[in-house]
Amino acid sequence: MRTVIRINGRAVPRGAKELIGIDVSRRRREHGGRLPVCVFRGREKGPSLLITAGLHGDELNGIEAIRRMISDGSIVPDAGTVIALPMANVWGFLNSSRLTRDGRDLNRGFPGSRSGTESQRIALAIMRHVLPMADFGIDLHSGGANENFPHIRCTSSAPSDMEPARAFAPQFILDSPPAEGTFRKAARLAGKSVLAFEGGRSGILSEFAVTECVNGLLRLMDNLGMILTGAPERNETKVMEKTETVSSACAGDYSPLVSCGEEVAGGQPIAQVSDAENGKLITLISPADGFALSVRPARSVNESDPLVTLGLPA
């Protein structure tokens, strides 16, 4: 629990709210060249929670979740501190792009570099100025072309991950070691635990995903003793130890036969693809019992495109 919160040289006292901008562009006044950091401090001692969103600029649900919590005041703790990065990739958000201005994936550029690309400078600003002030964090994401059922990704063997993950109380927790270059991996190497929330898909605002995200954050804050107002009802949580993805066997028109989040049985038909070359209808079968954590909406697909990702219970 930290007495002093200092970000980019600015100290934030207890009971205060501050918006701090960190320059990340080589050109000081370049549009979208500042990283916005919102700091909300309670009047009482407590933990420091970091909430990041928008590392991918076209993933809107986490951005909207933080916006709503700021708007209704629920993000302001009674005890402790919430540090929020509501839009880490400002340029990407303004241009409806997953990538940063330099065409890079910000969530593959950690821990960053002062002399590197803009994505690496954003990553370094987060690692140098923001993460050190947090006790732990949660990074909010949506899916890409596929829709992700709201869930938490963490390392299930690490108590520092699983305790806050269960406090968030999603319907699903997925054991998912962090990939190289991600914020989660860089934070772990720096001795900090950061969870990842996934919900919805890129470019689309999902009311369900946003609501699940907000509710989970409030449950986590309540569990940490940061708020006195109570928390939304908890979900019954299932832990998935691994995933298996069913991909398209050919190019053609695809239709899912299961819904996102649905429980499926091994051998159950889960998708159909009409082969573009001969019109033959191919039915794809679930390889195991599990839950449809990620489902691609109906559309034309190419061979090997991922269609349904199953979460397999522990």
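Leaving aside neighbours within four places in sequence, Ile270 touches Val246, Pro256, Leu257, Val258, Val264, Leu284, Ile285, Ser286 and Val308. The model is predicted, and Ile270 sits in its strand E14, which spans residues 269-275. The protein as a whole has six helices and 18 strands. Its radius of gyration is 20 Å, close to the 20 Å that the globule rule gives for 314 residues, so the protein is as compact as a globular protein of that length.

**Overall dimensions and surface**

- Taken along the principal axes, the C-alpha atoms occupy a box of roughly 65 × 45 × 35 Å.
- Buried residues make up 53% of the 314 in the protein.
- Of the contacts between residues at least 6 apart in sequence, 68% join residues at least 24 apart.
- The accessible surface comes to about 13600 Å², and carbon and sulfur atoms account for 47% of that area.
- There are 36 positive and 35 negative side chains, with the centres of the two sets 11 Å apart.

- Ala125 is 145 residues from Ile270 along the chain, and the C-alpha atoms of the two are separated by 44 Å.

**Ala158 and helix H4**

- Ala158 belongs to the loop that runs between strand E8 (147-154) and helix H4 (159-168).
- The relative accessibility of Ala158 is 13%, which is under the 20% cut-off, so Ala158 is classed as buried.
- Ser193 lies 35 residues from Ala158 in sequence, and the C-alpha to C-alpha distance between them is 9.1 Å.
- Within H4, the buried residues include Asp161, Met162, Pro164, Ala165, Ala167 and Phe168.
- Ala169 follows H4 and has a positive phi, near 55°.

- Ser206 is in the loop between strand E10 (193-201) and helix H6 (207-223).
- With a relative accessible area of 16%, Ser206 falls under the 20% limit and therefore counts as buried.
- A polar atom of the Ser206 side chain lies 3.0 Å from the backbone nitrogen of Ala209.

How values were computed:
Residues numbered from 1 in each chain as written. Predicted model: local features only at pLDDT ≥ 70, side-chain atom pairs only at ≥ 80, totals over all residues. Heavy atoms only, no water. Helix = DSSP H or I, 4+ residues; strand = E, 2+ residues; numbered from the N terminus. Rg over C-alpha atoms; globule rule 2.2 N^0.38 Å. Buried < 20%, exposed > 50% of the residue type's maximum accessible area, 1.4 Å probe, protein only. Contact = heavy atoms within 4.5 Å. Areas by Shrake-Rupley, 256 points an atom, 1.4 Å probe, with all protein chains shown as cover. Lys, Arg positive; Asp, Glu negative; His and termini not counted. Charge placed at Lys NZ, Arg CZ, Asp CG, Glu CD. Polar contact = N/O pair within 3.5 Å; in protein donor to acceptor, adjacent residues only side chain to side chain.
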